[in-house]
Amino acid sequence: MSFQAYLDNIETKTGVTPRAFVDLAAERGFGPGTKAGPIIVWLAADYGLGRGHAMALVHVITKGDRIDAKHVGSGTAHSDASDRLWLDGKDTRPAGW
């Protein structure tokens, strides 16, 4: 599953966009430099997310919308189309993103 697909699945499950999760995390004091553990605990307790989905959000919360280019167009199961992730909701993502 691509990184973007993880984020889309999280939105489907929770009704919360990745960008909204970044904002909610900031309200709790989470951001760059925050360790994964506290974020994972929060996401599991409040949203029922498992470790894999939580780790996708940990990346976005702590590192932003960029992913390593090695995951772009690799043709593997984890391949993404872009080195940027769309955070503003799956239904608003431009075609080809």
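Student: What covers the buried residues of helix H4?

Tutor: The cover includes helix H1 (3-14), helix H2 (18-27) and helix H3 (36-47). This is a predicted model, where local features need pLDDT of at least 70, side-chain atom pairs count only at pLDDT 80 or more, and totals for chains, interfaces and linings use all residues. Residues are numbered from 1 along each chain as its sequence is written, and side-chain values use heavy atoms, with hydrogens and water left out.

Student: What makes a stretch a helix here?

Tutor: Helices are DSSP runs of H or I with at least four residues, strands are runs of E with at least two, and both are numbered from the N terminus. The protein chain has four helices and zero strands. Along the sequence the pattern reads α-α-α-α.

Student: How do you know that the length of H4 agrees with its residue count?

Tutor: The expected span is 1.5 Å times one less than the number of residues. H4 covers residues 51-63, which is 13 residues, so it should span 18 Å. Its end C-alpha atoms are 17 Å apart, and that agrees.

Student: Which residues of H4 are buried?

Tutor: They are Ala-54, Ala-56, Leu-57, Val-58, His-59, Val-60, Ile-61 and Thr-62.

Student: Why is Ala-54 called buried?

Tutor: Buried means under 20% relative accessible area, exposed means over 50%, and partly exposed lies in between (1.4 Å probe, protein chains only). Ala-54 has 0% relative accessibility, so it counts as buried.

Student: What does Ala-54 touch, leaving out residues up to four places away in sequence?

Tutor: Ala-54 touches Ile-40, Leu-43 and Leu-49. Contact means heavy atoms within 4.5 Å. Asp-88 is 34 residues from Ala-54 in sequence, and their C-alpha atoms are 17 Å apart.

Student: What comes just after H4?

Tutor: Gly-64 does, with a positive phi of about 90 degrees. The segment after H4 also holds Ala-69, Ala-81 and Gly-89.

Student: Is Ala-69 called buried or exposed, and why?

Tutor: Exposed, because its relative accessibility is 54%, which is over the 50% mark. Its C-alpha atom lies 9.2 Å from that of Arg-84, 15 residues away along the chain.

Student: What about Ala-81, buried or exposed?

Tutor: Ala-81 has 64% relative accessibility, so it counts as exposed. Ala-81 and Trp-42 are 39 residues apart along the chain, with 30 Å between their C-alpha atoms.

Student: And why is Gly-89 placed in its class?

Tutor: Its relative accessible area is 6%, so Gly-89 is buried. Apart from neighbours within four places in sequence, Gly-89 is in contact with Glu-11 and Thr-17. The C-alpha atoms of Gly-89 and Gly-75 are 24 Å apart, though 14 residues separate them along the chain.

Student: How do you know how the radius of gyration compares with that of a compact globule?

Tutor: The radius is taken over C-alpha atoms, and the globule rule is 2.2 Å times the number of residues to the power 0.38. For 97 residues the rule gives a value near 13 Å; the protein chain has 13 Å, so the two agree. The C-alpha trace spans about 35 × 25 × 20 Å along its principal axes.

Student: What share of the 97 residues is buried?

Tutor: Buried residues make up 36% of them.

Student: What makes a side chain positive or negative in the count?

Tutor: Lys and Arg count as positive, Asp and Glu as negative, while His and the chain ends are not counted. The charge is placed at NZ of Lys, CZ of Arg, CG of Asp or CD of Glu. The protein chain has 11 positive and 11 negative side chains, and the centres of the two sets lie 6 Å apart.
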